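Colleague: I would like to learn how to read helices, packing and backbone angles in a model. Could you take me through one?

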Amino acid sequence: MNFHVLTLFPEMIEQGLNTSILGRAMAAGYISLTATNIRDYAAPERKGRVDDYPYGGGAGMVMQPEPIDRAYEAVTASMEKEPRVIYVTPQGKVFNQSMARELAQEENLVFLCGHYEGVDERILDKIVTDHVSIGDYVLTGGELPAMVMIDAISRMVPGVLTNDASGEIESFYDGLLEYPQYTRPVEYDGRRVPDILLSGHHVNVEKWRREQSLIRTRERRPDLIPTATLTEEDQKFLRK
Ligand code: ADE
């Protein structure tokens, strides 16, 4: 999976993502990341400027279409087919785990990060396939949302998580929150690890964990219950 980010702050993307699990995944070749500075594609006479005043007036500046178009052309020139191009915007569909899983199937993904008051609508019409938000709040730019999405998508790419199963049993895998985890010591500050986890009885442990997931989801994110993948037994437990 190859990620390409069109941005005014490429160093933010590169430094932010080239560590820990993703840094290792890049070094091992499971994913790649290029951050392209849109400013490098400014018209020569504009000396690196890529924004201008909005037609119709109003506050703030708008990113012009041509530098973005040239950056996009440079990034996609060697691709066999047109990639999905995600415009990172609070006006988009809200990102979630199933989108991460779906986007992880792509060979190339291009992210366009806006700044200032926005981006000229015509370049969005021309190149963007998906408008995506990370939630109902407004950030100063698209870089952090792009990084959030790239992280979540990367985890779904085979090989990125070394423990292959860990992506499948955690929060949101089947639409539920993950069960609580414990490690040593058995007693900490007067709080004991639940006895069942010390029992060595795997069937009971799995049952307990499932019930904890259900309880936790119902308490903290009841909105997830209607769309979660539940067995007969899960439903019976929730009715109790
Ligand atoms: N740009 C600014 N705020 C954003 C958000 N919440 N999601 C995606 N892109 C954004």
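Modeller: Start with the terms: helices (H or I, at least four residues) and strands (E, at least two) are DSSP runs, numbered from the N terminus. The expected span of a helix is 1.5 Å times one less than its number of residues. This is a predicted model, in which local features need pLDDT of at least 70, side-chain atom pairs count only at pLDDT 80 or more, and totals for chains, interfaces and linings use all residues. Residues are numbered from 1 along each chain as its sequence is written.

Colleague: How many residues does helix H3 have, and what does it reach from first C-alpha to last?

Modeller: Helix H3, residues 65-76, has 12 residues and reaches 16 Å, close to the 16 Å expected at 1.5 Å a residue.

Colleague: Which residues of H3 are buried?

Modeller: A residue is buried if 20 or more other C-beta atoms lie within 10 Å of its own, exposed if 12 or fewer, and partly exposed in between, with C-beta atoms placed from the backbone. In H3 the buried ones are Pro 67, Ile 68, Ala 71 and Tyr 72. They lie on the same side of H3, because they cover an arc of only 135° around the axis, the arc being that of the directions from the helix axis to the C-beta atoms.

Colleague: What do the buried residues of H3 pack against?

Modeller: Their partners include strand E1 (2-7), strand E2 (32-37), strand E6 (108-113) and helix H5 (121-127). Contact between two residues is called when their C-beta atoms, placed from the backbone, lie within 7 Å.

Colleague: Is Tyr 72 buried or exposed, and what is it in contact with?

Modeller: Tyr 72 counts as buried because 23 other C-beta atoms lie within 10 Å. Leaving aside neighbours within four places in sequence, Tyr 72 is in contact with Leu 6 and Ile 127. Tyr 41 is 31 residues from Tyr 72 in sequence, and their C-alpha atoms are 9.7 Å apart in space.

Colleague: How is a pair of packed helices described?

Modeller: Two packed helices are described by the angle between their axes and the distance between the axes. Axes are lines fitted to C-alpha atoms, for helices over the stretch in contact, and angles run from 0 to 180 degrees between N-to-C directions. Here helix H1 (residues 10-17) and helix H6 (residues 143-154) pack at about 30°, with axes 10 Å apart. From H1, Met 12, Ile 13, Gly 16 and Leu 17 meet Glu 143, Ala 146, Met 147 and Ile 150 of H6. By class, that contact has 6 nonpolar, 1 polar and 1 charged residues; Ala, Val, Leu, Ile, Met, Phe, Trp, Tyr, Cys and Pro count as nonpolar, Asp, Glu, Lys and Arg as charged, and the others, Gly among them, as polar.

Colleague: Which backbone angles deserve a second look?

Modeller: Most residues other than glycine have a negative phi, and most peptide bonds are trans. Ser 20, in helix H2 (residues 20-27), has a positive phi near 50°. Ser 20 is exposed because it has 9 C-beta neighbours inside 10 Å. Asp 189 also has a positive phi, of about 55°, and sits in the loop between E9 and strand E10 (191-192). With 5 other C-beta atoms within 10 Å, Asp 189 is exposed.

Colleague: Where is Pro 185, and what is the peptide bond from Arg 184 to Pro 185?

Modeller: Pro 185 lies in the loop between H6 and strand E9 (187-188). The bond from Arg 184 is cis, with omega near 5°.
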